[in-house]
Amino acid sequence: AAAAAAAASAVVVEELKLTSTTAPGKYFASRSDLATHYKSDWHKYNLKRREAALPMLKEEDFAARLEAALSLRREREEESKRSKMDHIKQQKKKQHIQKKK
């Protein structure tokens, strides 16, 4: 009888798992966890994918894409900083040459 009661409570726990269509394969333990997911970038990204008729991304795949995008942004920002510095150096060099004349 105790085993049957334990099995029944396990089934109840299974039924209480909350899911979201924007979080494939993920179960949420509480409504609070689900609400937190709804505020996440992962959820928002998958909503946009749904609108574009694209498949939802799993959390790991989204994390990999996010890291790649952030890395690319950092790279571009560094390149932009270097480019601005080169431009400033060129201006100063021109000014220095003009002063010598």
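Q: As I understand it, buried means under 20% relative accessible area, exposed means over 50%, and partly exposed lies in between. What is the relative accessible area of Glu67?

A: Good place to begin, and keep in mind that this is a predicted model. Glu67 has a relative accessible area of 44%, so it is partly exposed.

Q: What does Glu67 form a salt bridge with?

A: The general idea first: side chains of opposite charge can pair when their charged atoms come close. The cut-off to apply is a Lys or Arg side-chain nitrogen within 4 Å of a carboxyl oxygen of Asp or Glu. Here the partner of Glu67 is Arg74, with the closest N and O atoms 3.0 Å apart. Arg74 is partly exposed too, at a relative accessible area of 43%.

Q: How many salt bridges does a search of the whole structure find?

A: Three salt bridges turn up. One of them joins the side chains of Lys26 and Glu59, at 3.4 Å from N to O. That pair links distant parts of the chain, 33 residues apart: Lys26 belongs to the loop between helix 1 (2-15) and helix 2 (31-38), while Glu59 belongs to helix 4 (residues 59-100). Lys26 is partly exposed at 30% relative accessibility, and Glu59 is partly exposed at 35%.

Q: How far apart in helix 4 are Glu78 and Lys81?

A: They are three residues apart, which means about one helical turn separates them. Their side chains meet in a salt bridge of 3.8 Å, N to O. Glu78 counts as partly exposed at 40% relative accessibility, whereas Lys81 is exposed at 51%.

Q: Let us turn to the nonpolar side. Which residues make up the largest nonpolar core?

A: For this feature, look for buried nonpolar residues joined through side-chain atoms within 4.5 Å. In this model the largest such core has six residues: Leu18, Ala23, Phe28, Leu34, Trp42 and Phe62. Phe62 counts as buried because its relative accessibility is 11%. Leaving aside residues up to four places away in sequence, Phe62 touches Asp41, Trp42, Tyr45 and Leu57.

Q: How many aromatic pairs does the structure hold?

A: It holds one. Tyr45 and Phe62 form this pair, which is tilted, with 5.4 Å centre to centre and 50° between the planes. To read that angle, note that planes under 30 degrees apart count as stacked, those over 60 as edge-to-face, and the rest as tilted. The pair links distant parts of the chain, Tyr45 being in helix 3 (residues 41-51) and Phe62 in helix 4, 17 residues apart. Tyr45 is partly exposed at 29% relative accessibility.

Q: A charge can also sit over a ring. Which ring does the charged end of Lys17 sit over?

A: The ring is that of Tyr27, and the charged end of Lys17 lies 4.8 Å from its centre.

Terms used. Residues are numbered from 1 along each chain as its sequence is written. This is a predicted model: local features need pLDDT of at least 70, side-chain atom pairs count only at pLDDT 80 or more; totals for chains, interfaces and linings use all residues. Side-chain values use heavy atoms; hydrogens and water are left out. Helices (H or I, at least four residues) and strands (E, at least two) are DSSP runs, numbered from the N terminus. Buried means under 20% relative accessible area, exposed over 50%, partly exposed in between (1.4 Å probe, protein chains only). Contact means heavy atoms within 4.5 Å. Rings of Phe, Tyr and Trp (its six-membered ring) pair if their centres lie within 6.5 Å; planes under 30 degrees apart count as stacked, over 60 as edge-to-face and the rest as tilted. A charge sits over a ring if NZ of Lys or CZ of Arg is within 6 Å of the ring centre and within 35 degrees of the ring normal.
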